[in-house]
Amino acid sequence: MTKANLLLNSAFNISERYRVELKVFEVSLNQKYPEGVKARFILIDVLNKVPRLIVDNHAPFGFHVHANLPKEKNKRLRLETSNYLEALLKFWDLVKEILSYEN
Amino acid sequence: MKIRPLKITFESIDDFSARSRKELKEVLKNRKPIAQPKDTLIWASVESYQQFMSDQKYTIIATIHKYNPTSIYQLAKMLNRAQQNVARDCELLAGHGFIKFEETENGRKTKAPRLIFNYNAIEVHLPSVTYKVEFEKKAA
């Protein structure tokens with residue numbers, strides 16, 4: 001297993017139900033992470049103990065969203081970006097969208 | 001007794017997301033880690049924190065700190081509450097970063113609730129309210 005260096009680690013409690021966790025790792029260059037950076041942005045449904053939304057960036061998909069969680073674990077929607085900051089921005093937009101129709 | 005607090009701070013979702021983007025930009029550029037302090041939990045609003053943090057949850061945390069129960073069952077006995085309800089509160093506290101579960105081997109595998117670090121107080125940092133009085137309008 002390759003060594004991963006945790007570059008960014010932060011968490012944000014939105015409500016009793018939702019929590020966001022942002023983790024970015026520096027990993028050795030490999031086929032799964034050709035840029036040597038593994039990013040994982042998660043919206044967790046704490047009440048139901050399931051991830052509600054995940055954005056990550058592994059090959060062969062590049063940045064993609066697991067949006068219809070927990071029902072469709074393997075359904076991925078490609079994010080039209082290869083930029084980490086843009087991917088994070090889109091993640092936050094999706095979080096706000098989820099919160100808006102659940103409030 | 002020295003106070004080792006768990007700090008609760010507040011940041012709006014827009015402020016936190018803007019800060020997270022700034023931090024991401026920084027770590028990608030410098031490759032130097034940025035980690036949220038272990039003793040701090042950030043909530044989106046005072047209202048959501050108060051809605052979440054009932055007296056019963058404070059009591060759970062204080063009891064874990066004082067008695068180190070080895071299982072949810074034991075904790076529920078100490079609190080004189082239904083185990084199912086205590087388990088649910090503990091799951092929520094763990095999900096939001098107040099406590100964690102440690103596997104123990106006392107005959108059979110059980111999960112012992114533990115504080116995320118050895119804190120003995122919760123310090124709530126209410127956001128300061130700033131406002132300005134515009135002299136132009138006031139004077140008119």
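How many residues of chain B are in contact with chain A, and how many residues of chain A take part? In this predicted model, 27 residues of chain B are in contact with 24 residues of chain A.

**The side of chain B that touches chain A**

Five elements of chain B are listed as giving two or more residues to this side: α1 (13-30), β2 (34-35), β3 (40-43), α2 (46-52) and α5 (83-95). The largest share comes from α1(B), with 10 residues. Sorted by class, the side of chain B that touches chain A has 14 nonpolar residues, 8 polar residues and 5 charged residues.

A strand pairing also links the two chains. Strand β1 of chain A, residues 4-13, pairs with β2(B) in the parallel sense over 2 bridges. Within this pairing, Leu8(A) stands opposite Ile34(B).

**The fold of chain A**

Chain A contains 1 helix and 6 strands. Along the sequence, the order is β-β-β-β-β-β-α. Buried residues account for 31% of the 103 residues in chain A. Among contacts in chain A with a separation of 6 or more, 31% are between residues 24 or more positions apart.

The C-alpha trace of chain A spans about 40 × 25 × 25 Å along its principal axes. A compact globule of 103 residues would have a radius of gyration near 13 Å, so the 14 Å of chain A agrees with that expectation.

**Strand pairing within chain A**

Strand β4 of chain A (residues 50-56) takes part in two antiparallel pairings, one with β3(A) and one with β5(A).

| Strands | Sense | Bridges | A residue pair |
|---|---|---|---|
| β4(A) and β5(A) | antiparallel | 3 bridges | Asp56(A) and His64(A) |

Strand β5(A) covers residues 64-66. Its residue His64(A) is the bridge partner of Asp56(A).

In a regular strand, side chains alternate between the two faces of the sheet.

Terms used. Residues numbered from 1 in each chain as written. Chains lettered and ligands numbered in written order. Predicted model: local features only at pLDDT ≥ 70, side-chain atom pairs only at ≥ 80, totals over all residues. Pairing = 2+ DSSP bridges. Helix = DSSP H or I, 4+ residues; strand = E, 2+ residues; numbered from the N terminus. Contact = placed C-beta atoms within 7 Å. Nonpolar A, V, L, I, M, F, W, Y, C, P; charged D, E, K, R; others polar. Rg over C-alpha atoms; globule rule 2.2 N^0.38 Å. Buried ≥ 20, exposed ≤ 12 C-beta atoms within 10 Å, placed from the backbone.
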